[in-house]
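Please look through the sequence and the model shown below. The report that follows describes how the chain is arranged, one part at a time.

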Amino acid sequence: DVIDISWAPDDSMLASCSLDNLIIVWDPATGQRVTTLKGHTSFVKGVAWDPIGKFLATQADDKSCIVWRVDDWSVVSKIT
């Protein structure tokens, strides 16, 4: 089940999060997955892009927040 979705500021990507602890980033033009992000140990409750689209923040029921760098999908920061 999808819990939250968020459009990138330029509408080039759509991020979704769900009960399976995953964040999926989609290309809405093709419907294909751009990437699947793993890092939370409980279901992901929210996703949000920064205003210029360089970072994606996610927060989960495990009381953690992860900031991902969009260029390479690496973890910039994890707050627990």
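Predicted model: local features only at pLDDT ≥ 70, side-chain atom pairs only at ≥ 80, totals over all residues.

Four of its strands form an open sheet in the order β1-β2-β3-β4, with antiparallel pairing. The edge strands of this sheet are β1 and β4, and each of them pairs on one side only. From one strand to the next, the twist averages 20°. Strands of a sheet pair through backbone hydrogen bonds, and the pairing can be parallel or antiparallel.

Inside this sheet, β2 and β3 run antiparallel and are joined by four bridges.

Another open sheet of four strands has the order β5-β6-β7-β8, and its pairing is antiparallel. Why is one side of β5 and of β8 left without a neighbour in the sheet? β5 and β8 (74–79) stand at the edges and have a single partner strand each, so one side of each has no neighbour there. Neighbouring strands of this sheet are turned by 20° against each other on average, with direction ignored.

β5 pairs with β6, which covers residues 55–60, in the antiparallel sense over five bridges. Within β6, Ala57 stands opposite Ala48. The two strands β5 and β6 form a hairpin with five residues between them. Gly53 lies in the turn of this hairpin and has a positive phi of about 80°.

## The chain as a whole

How many helices and strands does the protein chain have? The secondary structure comes to zero helices and eight strands. Read along the sequence, the pattern is β-β-β-β-β-β-β-β. The radius of gyration of the protein chain is 11 Å, close to the 12 Å that the globule rule gives for 80 residues, so the chain is as compact as a globular protein of that length.

The C-alpha trace spans about 30 × 25 × 20 Å along its principal axes. Of the 80 residues in the protein chain, 38% count as buried. Among contacts between residues at least 6 apart in sequence, 26% join residues at least 24 apart.

## The nonpolar core

In soluble globular proteins, nonpolar side chains tend to be buried together. The largest nonpolar core in this model has 16 residues. The members that touch the most other members are Met13, Ile23, Val25, Leu37, Trp49, Leu56 and Trp73. Which elements give two or more residues to this core? They are β2 (14–18), β3 (22–27), β5, β6 and β7 (65–69). The largest share, three residues, comes from β5.

## Two residues compared

Ser6 is found in strand β1, which covers residues 2–7. Is Ser6 buried or exposed? Ser6 has a relative accessible area of 14%, and the cut-off for buried is under 20%, so Ser6 counts as buried. Apart from neighbours within four places in sequence, Ser6 is in contact with Met13, Leu14, Ala15, Val47, Ala48 and Trp49.

Gly39 is found in the loop between β4 (32–38) and β5 (44–49). Gly39 is partly exposed, with a relative accessible area of 29%. Not counting residues up to four places away in sequence, Gly39 touches Ile66, Trp68 and Lys78. Gly39 and Val75 are 36 residues apart in sequence, while their C-alpha atoms are 8.8 Å apart in space.

## The cysteines

A disulfide is a covalent bond between the sulfur atoms of two cysteines. How many disulfides does a search of the whole structure find? The search finds zero. For Cys17, the nearest cysteine sulfur is that of Cys65, 12 Å away. A disulfide needs the two sulfur atoms within 2.5 Å, so Cys17 is in no disulfide. Cys65 is in no disulfide either.

Cys17 is buried, with a relative accessible area of 0%. Cys65 is partly exposed, with a relative accessible area of 24%.

Methods: Residues numbered from 1 in each chain as written. Heavy atoms only, no water. Buried < 20%, exposed > 50% of the residue type's maximum accessible area, 1.4 Å probe, protein only. Contact = heavy atoms within 4.5 Å. Pairing = 2+ DSSP bridges. Core = buried A, V, L, I, M, F, W, Y, C linked by side-chain atoms within 4.5 Å. Axes fitted to C-alpha atoms, helices over the stretch in contact; angles between N-to-C directions. Rg over C-alpha atoms; globule rule 2.2 N^0.38 Å.
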